Amino acid sequence: MTTEFETPETVSWHVAAPVSAFPADGGACVKIDGRQIAVFNFSHTGEWYACQNMCPHKMQMILSRGLIGDQQGEPKVACPYHKKTFSLCTGENLNGDSYRIETYPVRVDAGMVYVGL
Ligand code: FES
């Protein structure tokens, strides 16, 4: 299953981990090419999302441990430190702050999760 991203033709797919490594309706951090990537398993909808693990508010490597949910249908993650919230589709900060995060497409195939970078 693939999330509803427009996947650029230049994307390069990287193995993240088996599906079982990610908690239901939660996230986990994987390291790909030296980058920490937060991967989220929205098991209640069957969708997957990924973003940078670093919260740009205070540069903390923490977003994989954030609370996930949706805001009027838009999947989001809230940083556990100060609750800054980001769209997992656009990376936009949903609190109105100017900083944003990088988001990445996710693909699941034969029990493995892949992130496109
Ligand atoms: S460090 Fe994430 S909201 Fe402050």
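1. A cavity is taken here as a set of grid points where a 1.4 Å probe fits but cannot get out, and a residue belongs to its lining if it has an atom within 4 Å of one of these points. Please keep in mind throughout that the model is predicted.

2. With that definition, the structure holds 1 cavity of 30 Å³ or more, and the space in the largest cavity comes to about 40 Å³. Its lining is made up of Cys-55, His-57, Lys-58 and Gln-60, together with Cys-79, Tyr-81, His-82, Lys-83 and Lys-84. By residue class, this lining of the largest cavity divides into 3 nonpolar, 3 polar and 3 charged residues.

3. Turning to the aromatic rings, the structure holds 3 aromatic pairs. One of them joins Phe-22 and Trp-48 in an edge-to-face arrangement, with 5.5 Å from centre to centre and 90 degrees between the planes. This pair links distant parts of the chain, since Phe-22 sits in the loop between strand S1 (13–18) and strand S2 (26–32), whereas Trp-48 belongs to strand S4 (residues 47–52), 26 residues apart. Both Phe-22 and Trp-48 are buried.

4. Phe-42 and Tyr-49 form another of these pairs, and here the ring centres are 5.1 Å apart with the planes at 75 degrees; an angle over 60 degrees counts as edge-to-face, so the pair is described in that way. Phe-42 has a relative accessibility of 3% and therefore counts as buried, and Tyr-49, with a relative accessible area of 4%, is buried as well.

5. Which rings have Arg-107 over their face? Arg-107 lies over the face of Trp-13, at 4.9 Å from the ring centre, and Arg-107 also lies over the face of Tyr-114, at 4.8 Å from the ring centre.

6. For the cysteines, the count comes to 0 disulfides, where a disulfide would need two cysteine sulfur atoms within 2.5 Å.

Technical notes:
Residues are numbered from 1 along each chain as its sequence is written. This is a predicted model: local features need pLDDT of at least 70, side-chain atom pairs count only at pLDDT 80 or more; totals for chains, interfaces and linings use all residues. Side-chain values use heavy atoms; hydrogens and water are left out. On a 1 Å grid over the protein atoms alone, a cavity is a set of points where a 1.4 Å probe fits but cannot get out, and a pocket is an open set with protein on both sides within 12 Å along at least five of seven lines; lining residues have an atom within 4 Å of a point. Grid points are joined across faces, edges and corners, and a volume is the space filled by probe spheres set on the points. Ala, Val, Leu, Ile, Met, Phe, Trp, Tyr, Cys and Pro count as nonpolar, Asp, Glu, Lys and Arg as charged, and the others, Gly among them, as polar. Rings of Phe, Tyr and Trp (its six-membered ring) pair if their centres lie within 6.5 Å; planes under 30 degrees apart count as stacked, over 60 as edge-to-face and the rest as tilted. Helices (H or I, at least four residues) and strands (E, at least two) are DSSP runs, numbered from the N terminus. Buried means under 20% relative accessible area, exposed over 50%, partly exposed in between (1.4 Å probe, protein chains only). A charge sits over a ring if NZ of Lys or CZ of Arg is within 6 Å of the ring centre and within 35 degrees of the ring normal.
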